[in-house]
Amino acid sequence: MTQDDLGELIVLSGAEVDALPWQQLGDDPGVTQKLLWRSGAVRLGLMRIAPGSINPIHTHPDAQHHILVTAGEATMVGRRLGAGSYLYVPPGVPHGVSDVGPDGVTFFYTFRPVVGEEPAEQQRGRHPAVSDAQAAVAF
């Protein structure tokens with residue numbers, strides 16, 4: 001995958017995703033990721049936290065996450081979450097991963113900076129992560 005995958009057709013089978021290497025994320029031991037797609041600062045991927053490891057509490061003042069737990073369990077934002085659980089983290093909300101289960105936890109995540117805010121009257125009825133102009137990269 002290239003640095004900017006916008007406009008690229010990317011199709012990976014389960015076996016191809018499995019074959020991608022897990023890469024260390026930051027300085028936290030046991031926190032790894034498979035970056036699946038990137039365009040500028042927008043990223044989509046899989047993150048894995050090993051048993052006994054944590055992703056310390058942090059904030060992104062100008063970015064949001066969508067998280068879908070795919071395997072294992074852990075505590076995020078004060079809730080115990082397991083496979084199938086979904087979490088939306090708005091900009092500025094402290095979040096981290098702790099109390100990881102004995103098999104670790106793996107989740108699909110998006111990271112998207114928020115570029116300017118729409119007036120409230122234009123946001124009604126719309127998910128807070130999506131504007132008409134940004135729908136293609138808001139996933």
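This is a predicted model: local features need pLDDT of at least 70, side-chain atom pairs count only at pLDDT 80 or more; totals for chains, interfaces and linings use all residues.
Let us take in the whole chain before visiting its parts. The protein has 139 residues, and buried residues make up 35% of them. Contacts also reach across the sequence: of those with a separation of 6 or more, 60% are between residues 24 or more positions apart.

From A19 you can look across to K34: the two are 15 residues apart along the chain, and their C-alpha atoms are separated by 10.0 Å.

Next comes strand β2, residues 31–39, which includes S39. Is S39 buried or exposed? S39 is buried, since its relative accessible area of 12% falls under the 20% limit. Leaving aside residues up to four places away in sequence, S39 touches Q3, D4, D5 and L6. With D4 there is a further link, a polar contact of 2.8 Å between the two side chains.

Now turn to strand β9, residues 105–113. This strand is mostly covered, with 7 of its 9 residues buried. Which way do β3 and β9 run relative to each other? They run antiparallel and are joined by 7 bridges; G45, for instance, stands opposite Y109 of β9. Strand β5 also pairs with β9 in the antiparallel sense, over 9 bridges. In that pairing, the β9 residue F107 is the bridge partner of V69.

Two or more lining residues come from each of β3, β4, β5, β7, β8 and β9. What kinds of residue form the lining? It divides into 10 nonpolar, 7 polar and 1 charged.

The loops deserve a visit too. Most residues other than glycine have a negative phi. Against that background, V77 is worth a look: V77 is not a glycine, yet has a positive phi of about 45°. You will find V77 in the loop between β5 and β6, and V77 is partly exposed, because its relative accessible area of 40% lies between the 20% and 50% limits. D99 is another non-glycine residue with a positive phi of about 45°, and D99 sits in the loop between β8 and β9.

The loop between β8 and β9 also holds P102. P102 is exposed, as its relative accessible area of 70% is over the 50% limit. How far apart are P102 and G52 in sequence and in space? The two are 50 residues apart in sequence, while their C-alpha atoms are 8.0 Å apart.

How values were computed:
Residues are numbered from 1 along each chain as its sequence is written. Side-chain values use heavy atoms; hydrogens and water are left out. Helices (H or I, at least four residues) and strands (E, at least two) are DSSP runs, numbered from the N terminus. Buried means under 20% relative accessible area, exposed over 50%, partly exposed in between (1.4 Å probe, protein chains only). A polar contact is a pair of N or O atoms within 3.5 Å; within protein, one must be able to donate a hydrogen and the other to accept it, and residues adjacent in sequence count only if both atoms are side-chain atoms. Contact means heavy atoms within 4.5 Å. Ala, Val, Leu, Ile, Met, Phe, Trp, Tyr, Cys and Pro count as nonpolar, Asp, Glu, Lys and Arg as charged, and the others, Gly among them, as polar. Two strands pair if DSSP finds at least two bridges between them.
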